[in-house]
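Reader: Please take one part of this structure and go through it closely, residue by residue where that helps. I would like the cut-offs stated with each term, and some word on how far the coordinates can be read.

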Amino acid sequence: MKQISFLPTFGNWKKAARRALREGISPNEIAWEEIGEDRPGLHLFEEAEPETTAKAAPEFRVPKRFLALAKLVALHRQPTRWPLLYRLLWRLTHGESHLLEISIDPDVAMEELWRTYYANIFNPARVKVRAMQAEMPKKYWRNLPEATLIPSLLHEAPQRVESMMKKSAAKIAVQDGDEWRPAPAPKTSSLTTLREAAAHCTACPLYKNATQTVFGEGRKGAALMLLGEQPGDQEDLTGKPFIGPAGQLLNRALEEAGIDRDAVYVTNTVKHFKWEPRGKRRIHQKPSSRDIAACRPWLEAELRVVRPDVLVCLGSTASQAIFGSSFRVTKERGKVLESELTPRVVTTVHPSSLLRQPDEESRRREYALFVADLGVALRAAEEK
Ligand code: SF4
C-alpha cells in the first residue's frame, strides 16, 4: 500500500494523482492522507520508489468536465473525496472514457458530493436567472450535476431571502451593545490548533453576521505570506480565503510573477466577512480599526507560526494594520520595508482594485504593476 500524504488542495492532489497515474498505481493501492500545515516536511509519496522504477509515462486525457468538477469537489471537506476522484481519474484513463455519462455508476454518484456542495453555497440573494442562462445556455444544464437542484433552489429562493433578511436585520440591531476584545489566540506552534480555535472566535461582533471564520491557508515555513483585508461573499460561504473573483485574479498574477499559489500562505487581516444588506445583496463593508485590533492576535499568531521570509500586504487595510494608519500604499508599494511584526514586508494594491479599474488600458497598466510588486516580494524571499 502506498501512502500519499499531502496538504489538501486541488493543486497538490493533482500533482500526486498525476504521478501515481504515471507510475501505474491503482486506486486500491493508495491510502490518501490529508496533513496539516504543521507537517511541511512530509513528501507526497512517503514510500516512493526511485524514479527509475516508474513505468514509462503514457499520455493521459480526461474530459474537461471532469477537471472542472474535480476542482469544485476538492473544495468540499469530506476526506473521501480524494480517493473517489482518483478512482474516477483511473477509470477515465483506463478504457472508460465515457464514465461520466453513466449516471447509475456508483463512482459517478460522487457528483452527489458536488450537488451537496452546490446546495450549501447557493446564495438565494444572488440569483440571476438571466445571467445564469447567458453564461450557460439551458440546453447544457442537463450535463451539470447540479442541474436537478436548480429548479427547487430557485423556487425556494424568495422565501430563503426573506428569512435571511429578517435574521440579519435582527443581528445588526443587537450589535449596538457588543464589545470588542483581543482575540484569544492560543500560544501554539500548530496552525491546525490556531485554525480550530479561530473557528469559535467571538472577540468582536463580526462573527454574528458571517457564515464562518475564514482562517489563513497554506503551510508553515512558506516563503511568502499574502495578507488581504477580509473574506468576501464567496470566501464566507466556502470558508476559504481568496477564492472569489479577486482571488482568481491573484492566482493569475502569482503565476505570471513565477509564484506557486500552493507554496504561499494566504490570509486576511480580519477573519470574518463584514457586510451590510442592500436589497438582496451582501455588500462588503470596510473593517473598522476596532475590528482590526480585535482580530490582530490571529495575524500575529499566524506570522509567529508560519515565519514567512516576506509578508506581502495587499491593499491599504492590510498595510495599515502593519505600519499604522498614516501609511500610504500608493507611495510605498513595491519596496522591501521593515516592520516590528516581521522583518520584510512588501506592500501593493488589493487585487479587487484591479477589477474596479474604469477601462481596459488602466486595467492592463495596474495589473502589470501588481505583477511587478509580487516579483519584488519573490526576489526578496529568494535573496534571504
Ligand atoms: S473578526 Fe476576528 S476577532 Fe472578530 S470574531 Fe472574527 S475572528 Fe474573532
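Author: A residue is called buried if 20 or more other C-beta atoms lie within 10 Å of its own, exposed if 12 or fewer do, and partly exposed in between, with C-beta atoms placed from the backbone. Helices (H or I, at least four residues) and strands (E, at least two) are DSSP runs numbered from the N terminus. The model is predicted: local features need pLDDT of at least 70, side-chain atom pairs count only at pLDDT 80 or more, and totals for chains, interfaces and linings use all residues. Residues are numbered from 1 along each chain as its sequence is written.

S7 covers residues 310-314, and five of its five residues are buried. Val310, Val312 and Leu314 point one way, while Leu311 and Cys313 point the other way. In a regular strand the side chains alternate between the two faces of the sheet.

S7 belongs to an open sheet of five strands in the order S4-S3-S7-S9-S8, with mixed pairing. The edge strands are S4 and S8 (336-337), each of which pairs on one side only. Two strands count as paired if DSSP finds at least two bridges between them. On one side of S7, four bridges link it to S3 in the parallel sense, and Leu224 stands opposite Val310. S7 also pairs with S9, again in the parallel sense and over four bridges; here Leu311 stands opposite Val345.

Further out, S3 (residues 224-228) runs parallel to S4, and four bridges join them. Met225 stands opposite Tyr265 in S4. Within S4 (residues 265-268), Tyr265 and Thr267 point one way and Val266 and Asn268 the other way, and all are buried. At the other end of the sheet, S8 and S9 pair in the antiparallel sense over two bridges, with Val336 opposite Val346.

A nonpolar core is a set of buried Ala, Val, Leu, Ile, Met, Phe, Trp, Tyr and Cys residues joined through C-beta atoms within 7 Å. The largest such core has 60 residues, and Leu224, Met225, Val310, Val312 and Ala377 touch the most other members. Helix H11 supplies the largest share of this core, nine residues. A second, separate core has 18 residues, including Ile4, Ala16, Leu89 and Trp90. In soluble globular proteins, nonpolar side chains tend to be buried together.

Two residues are in contact if their C-beta atoms, placed from the backbone, lie within 7 Å. Leaving aside residues up to four places away in sequence, Leu224 touches Ile259, Val264, Pro308, Val310, Val312, Ala377 and Ala381. In the protein, 75% of the contacts with a separation of 6 or more are between residues 24 or more positions apart.

S7 is also among the elements that cover helix H12; the others include S3, H11, helix H13 (329-332) and strand S9 (345-348). H12 (residues 316-323) is itself mostly covered, six of its eight residues being buried. These six are Thr317, Ala318, Ser319, Ala321, Ile322 and Phe323. Gly324 follows H12 and has a positive phi, near 100°.

A residue is near a molecule if its C-beta atom, placed from the backbone, lies within 6 Å of it. Of the 16 residues around the ligand, Cys201, Cys204, Lys271, His272 and Cys295 come nearest.

As for the coordinates, pLDDT is the predictor's confidence in each residue, from 0 to 100. The protein has a mean pLDDT of 82, and 76% of its residues reach 70 or more. Over residues 170-174 the pLDDT is below 50, and this stretch has three contacts in the model beyond near neighbours in sequence. Residues 41-55 stay under 50 too, with 17 contacts beyond four places in sequence. Where pLDDT is low, the predicted coordinates should not be read in detail.
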